[in-house]
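Colleague: I would like to learn how to read a structure like this one. Please take me through some features one by one.

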Amino acid sequence: MKTELVEKAYAIAKERYAAIGVDTEKAIEKLMHTQLSLHCWQADDVSGFENAGELTGGIQATGNFPGKARNIDELRADILKAKSYIAGNHRLNLHASYGEFGGKKVDRDEIETKHFEGWIQWAKEHNFKLDFNSTSFSHPKSGNLSLANPDESIRRFWIEHTKRARQIADDMGRAQQDPCIMNIWIHDGSKDQTVEKLRYRQLLQKSLDEILADKRTHMKDCLEAKLFGIGLESYTVGSYDFYLGYCAKNNVICTLDTGHFVPTESVADKISALLLFVPELMLHVSRPVRWDSDHVTIVNDDTLDLFRELVRADGLNRTHIGLDYFDASINRIGAYVVGARATQKCLLQGLLEPLALLRKYEDEGRLFERLAQLEEDKNMPWGAVYDEFCRRAGVPVGEDFIADIHQYEQDVLLKRA
């Protein structure tokens, strides 16, 4: 898109927003400094590099688009390609199954920081900060229960794995001089009616208490709930209610994955409630279609509401924003870029709300005026502001990235066997 057209459109948009008390320059600056945690597993369909078998634990990546990353070098190249189309400096979120194991069998309870030193150095070279996740799925010992397993030997295995993941996260945070956000999600549950619900939750609580007892200074823990998993539809040990209580009681970051709730449930409405009781939030931004299918994030009402509420509640400084989807049916780099840019677009619209005016209407009981202003805001030229944001960051404006990603597909992806 021609630079002069972008600049002209932005100049008009800037005046339009100034008329309702919004400083677009401040919004652009805030957006530029808001980091997303890009998920490494979009580029290889959550396979990892342990030579593991099929995905288990309610994880599914559907589709067979050619060009999936087959090794760490290809994964890193794809991540860098995607990053080149996303304005700002961002983080990279790794799962424990993405270590560099040198072709050797390293079980989950044996992972060490040395298996991720290559990632730490690579991230430093490419201006990434790293986040981390324990990996409890797709393993011979994962079954239906991991940290909540009554079999003590299996439960000890997963406790040890999670402890080691926390140590790795702490070492990552120390190396990058910025806390590594360490997310714990387990798939534990049951396909059909469950009698011992309390027992499994007692075991999970006991496991978490032991895991989190060892305090770390260079990482932050967060716990992620889920409504259900495929094959585990009837009971989820780590439900939202369980983790809300645990996080509030133990001052732990609560993770909200936008695909992990009832489809009609408002995740946005949870923001203001949770911020009163937990230290920080972690968002995993996804798009459920019928179930937690992890579709690519787009600009839709759910995502817009989420980020508008985050801004209204002044929660940006206490919230970490990660992406969590894996679409194997389309160009995977394109999926990265569409989802990341959509997330930024939704956040920008939150930053461009005339909050002072809206709060004034609400405080004065002028509810017609409040509703009218909210509706008129939908017609404001936020897209021109986003284009200017991209122009300043030196990334493609508008649809200009589409042809380039298609060329990368022809030159690189389709040549992968």
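Predicted model: local features only at pLDDT ≥ 70, side-chain atom pairs only at ≥ 80, totals over all residues.

Colleague: How many helices and strands does the chain have?

Modeller: There are 14 helices and 12 strands in the chain.

Colleague: What radius of gyration does the chain have, and what would a compact globule have?

Modeller: The comparison starts from the number of residues. A compact globule of 417 residues would have a radius of gyration near 22 Å, and the chain has 22 Å, so the two agree. The C-alpha trace spans about 65 × 55 × 40 Å along its principal axes.

Colleague: How do I read burial and surface for the chain as a whole?

Modeller: Burial is given as a share of residues, and surface as an area. Among the 417 residues, 53% count as buried. The accessible surface is about 18,500 Å², and carbon and sulfur atoms hold 49% of that area.

Colleague: Now single residues, please. Is Ala169 buried or exposed?

Modeller: The idea is to compare the relative accessible area with a cut-off, and under 20% means buried. Ala169 has 0%, so Ala169 is buried. This residue is found in helix 5, residues 152–176. Beyond neighbours within four places in sequence, Ala169 is in contact with Phe132, Cys180, Met182, His218 and Met219.

Colleague: Where is Val311, and what does it touch?

Modeller: Val311 is in helix 9, which covers residues 301–312. Its relative accessibility is 15%, so Val311 counts as buried. With neighbours within four places left aside, Val311 is in contact with Leu316, Leu347, Gly350, Leu351 and Leu355. Arg370 is 59 residues from Val311 in sequence, and the distance from C-alpha to C-alpha is 17 Å.

Colleague: Is Ile12 buried or exposed?

Modeller: For this case the other cut-off applies: exposed means over 50%. Ile12 has 57% relative accessibility, so Ile12 counts as exposed. Ile12 lies in helix 1, residues 3–18. Pro381 is 369 residues away in sequence from Ile12, yet their C-alpha atoms are 8.5 Å apart.

Colleague: How do I read a residue in a loop, such as Ser97?

Modeller: Look at the elements on either side, then at accessibility and contacts. Ser97 sits between strand 2 (91–95) and helix 4 (117–125). With a relative accessible area of 5%, Ser97 is buried. Beyond its neighbours within four places, Ser97 is in contact with Gly48, Phe49, Glu50, Arg108 and Thr135.

Colleague: Where is Gly398, and which residues does it touch?

Modeller: Gly398 is in the loop between helix 13 (382–393) and helix 14 (400–411). Not counting residues up to four places away, Gly398 touches Met1, Arg341 and Asp387. Tyr98 is 300 residues from Gly398 along the chain, with 33 Å between their C-alpha atoms.

Colleague: What is there to read in a phi angle?

Modeller: Most residues other than glycine have a negative phi. Asp45 has a positive phi of about 65° although it is not a glycine, and Val46 also has a positive phi, of about 65°.

Colleague: Where is Asp45, and where is Val46?

Modeller: Asp45 lies in the loop between strand 1 (36–39) and helix 3 (72–83), and the place of Val46 is likewise in the loop between strand 1 and helix 3. Asp45 counts as buried at 10% relative accessibility, and Val46 is buried with a relative accessible area of 4%.

Conventions: Residues numbered from 1 in each chain as written. Heavy atoms only, no water. Helix = DSSP H or I, 4+ residues; strand = E, 2+ residues; numbered from the N terminus. Rg over C-alpha atoms; globule rule 2.2 N^0.38 Å. Buried < 20%, exposed > 50% of the residue type's maximum accessible area, 1.4 Å probe, protein only. Areas by Shrake-Rupley, 256 points an atom, 1.4 Å probe, with all protein chains shown as cover. Contact = heavy atoms within 4.5 Å.
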